[in-house]
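This briefing walks through selected local features of one protein structure, grouped by topic for reading beside the model. Please keep the sequence and the coordinates open while going through the points.

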Amino acid sequence: MPPTASVSSFEIDTPRGKQTASVAYHRAGLGEPLLLLHGIGHHRQAWDPVFGILAAERDVIAVDLPGFGESPALPDGVAYDLSTVVPTLAALCKELGIERPHVAGNSLGGLLALELGRENLVRSVTALSPAGFWTRAERRYAFGTLRGMRIGASSMPLPLVERLSRSTAGRFALTSTIYAHPGRRSPEAVVAETLALREATGFEQTLAAGRDVLFRDDVPGIPVTIGWGTRDRLLLRRQGVRAKHIIPKARLVRLPGCGHVPMHDDPAAVARVILDTSK
């Protein structure tokens with residue numbers, strides 16, 4: 001069973017004044033703080049394959065982003081864009097007594113990690129297949145794929161999801177868009193992440209907010225690593241080359257044989273990249 005989440009509630013500034021936001025997270029380990037941020041439609045358990053490795057050397061906080069996993073939606077009328085979610089994460093860190101953590105993020109989480117770095121709110125950034133370096137056509141393809149995954153997850157009754165998850169072919173059908181090796185996933189994990197995608201209250205608003213997102217700025221003054229799986233089918237790896245041009249001092253790392261969520265495809269390699277960046 002996955003560990004029970006802790007939930008922290010705190011005030012954030014919104015167009016309607018100060019309102020309360022709540023974020024679920026799992027925290028363990030010793031050392032310098034390390035914040036882990038998942039992608040759209042996922043949940044903090046995306047980091048389970050590397051969490052224990054990282055917690056042996058870092059104080060690790062794996063977060064359910066607002067409107068995903070066990071974190072409730074943002075207050076009514078609050079946008080799910082960078083100008084809101086980044087300060088929300090900063091407020092969470094303050095509430096937890098963490099000053100300028102290291103941060104690692106995947107996909108949407110990678111974009112958020114880079115924005116935290118640009119705002120000088122973190123000590124280092126590891127961004128795995130980060131969003132925001134796409135062309136218009138690549139963004140349309142990625143968003144269309146994500147919507148298709150959401151529709152599929154929402155339309156299948158739970159008994160069908162459970163039945164599919166018990167076979168390698170079924171796990172491939174459910175998760176091959178984001179994993180290079182979906183057969184390695186446990187049936188329980190596949191069911192849980194399918195339900196997380198289906199039940200994500202922040203999915204549509206987050207996707208809408210990403211329509212105009214392009215990451216255009218350097219992230220100076222801190223270590224930045226950008227990792228990209230060679231078998232990423234959602235955000236194609238040529239986007240990593242663009243990211244390197246925009247953040248010229250970043251280390252661009254190739255993750256052989258990994259898909260869009262590389263933590264499951266090669267946990268040891270991903271953990272090493274994060275630990276090397278967060279020295």
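Where is the place of Ser129? Ser129 sits in the loop that runs between β6 (124–128) and α4 (136–155), and, like everything else described here, this placement comes from a predicted model.

**Two loop serines with positive phi**

- Ser129, in the loop between β6 and α4, has a phi near 45°, which is a positive value in a residue other than glycine.
- Ser129 has a relative accessibility of 1%, and it therefore counts as buried, the cut-off for that class being under 20%.
- Ser107 lies in the loop between β5 (102–106) and α3 (108–118), and its phi, near 65°, is likewise a positive value in a residue other than glycine.
- Because its relative accessibility is 8%, Ser107 counts as buried.

- Strand β1 (residues 6–14) includes Thr14, and β1 pairs with strand β2 (residues 17–28) in the antiparallel sense over 9 bridges.
- Thr14 counts as buried because its relative accessibility is 13%.

**The parallel pair β7 and β8**

- Strand β7 (residues 224–229) and strand β8 (residues 251–255) run parallel and are joined by 5 bridges.
- Within this pairing, Ile226 has Leu252 as its bridge partner in β8.
- Together with helix α9 (residues 238–246), β7 and β8 make a β-α-β unit that is right-handed.

- A polar atom of the His264 side chain lies 3.1 Å from the backbone oxygen of Ala46.

**Enclosed cavities**

- Rolling a probe the size of a water molecule over the atoms shows where empty space is left.
- How many cavities of 30 Å³ or more does a search of the whole structure find? The search finds 2 such cavities.
- The largest cavity has a volume of about 300 Å³ and is lined by 24 residues, with Ile40, Leu108, Leu111, Thr206 and Gly210 lying nearest its centre.
- At least two residues of the lining of the largest cavity are supplied by each of α2 (82–95), α3, α4 and α8 (203–209).
- Sorted by class, the lining of the largest cavity consists of 20 nonpolar, 3 polar and 1 charged residues.
- The second largest cavity holds about 40 Å³ of space, and its lining is made up of Pro3, His26, Arg44, Gln45, Asp48, Phe51 and Ala62.
- By class, the lining of the second largest cavity has 3 nonpolar, 2 polar and 2 charged residues.

**The second largest pocket**

- The second largest pocket has a volume of about 350 Å³, and of the 24 residues that line it, Met149, Leu174, Thr175, Ile178 and Leu197 lie nearest its centre.
- The elements giving two or more residues to the lining of the second largest pocket are α4, α6 (168–175) and α7 (187–199), and α4 gives the largest share, 5 residues.
- In the lining of the second largest pocket, 11 residues are nonpolar, 12 are polar and 1 is charged.

Technical notes:
Residues are numbered from 1 along each chain as its sequence is written. This is a predicted model: local features need pLDDT of at least 70, side-chain atom pairs count only at pLDDT 80 or more; totals for chains, interfaces and linings use all residues. Side-chain values use heavy atoms; hydrogens and water are left out. Helices (H or I, at least four residues) and strands (E, at least two) are DSSP runs, numbered from the N terminus. Buried means under 20% relative accessible area, exposed over 50%, partly exposed in between (1.4 Å probe, protein chains only). On a 1 Å grid over the protein atoms alone, a cavity is a set of points where a 1.4 Å probe fits but cannot get out, and a pocket is an open set with protein on both sides within 12 Å along at least five of seven lines; lining residues have an atom within 4 Å of a point. Grid points are joined across faces, edges and corners, and a volume is the space filled by probe spheres set on the points. Ala, Val, Leu, Ile, Met, Phe, Trp, Tyr, Cys and Pro count as nonpolar, Asp, Glu, Lys and Arg as charged, and the others, Gly among them, as polar. Two strands pair if DSSP finds at least two bridges between them. A crossover is right-handed if, with the strands pointing away from the viewer, the path from the first strand over the helix to the second runs clockwise. A polar contact is a pair of N or O atoms within 3.5 Å; within protein, one must be able to donate a hydrogen and the other to accept it, and residues adjacent in sequence count only if both atoms are side-chain atoms.
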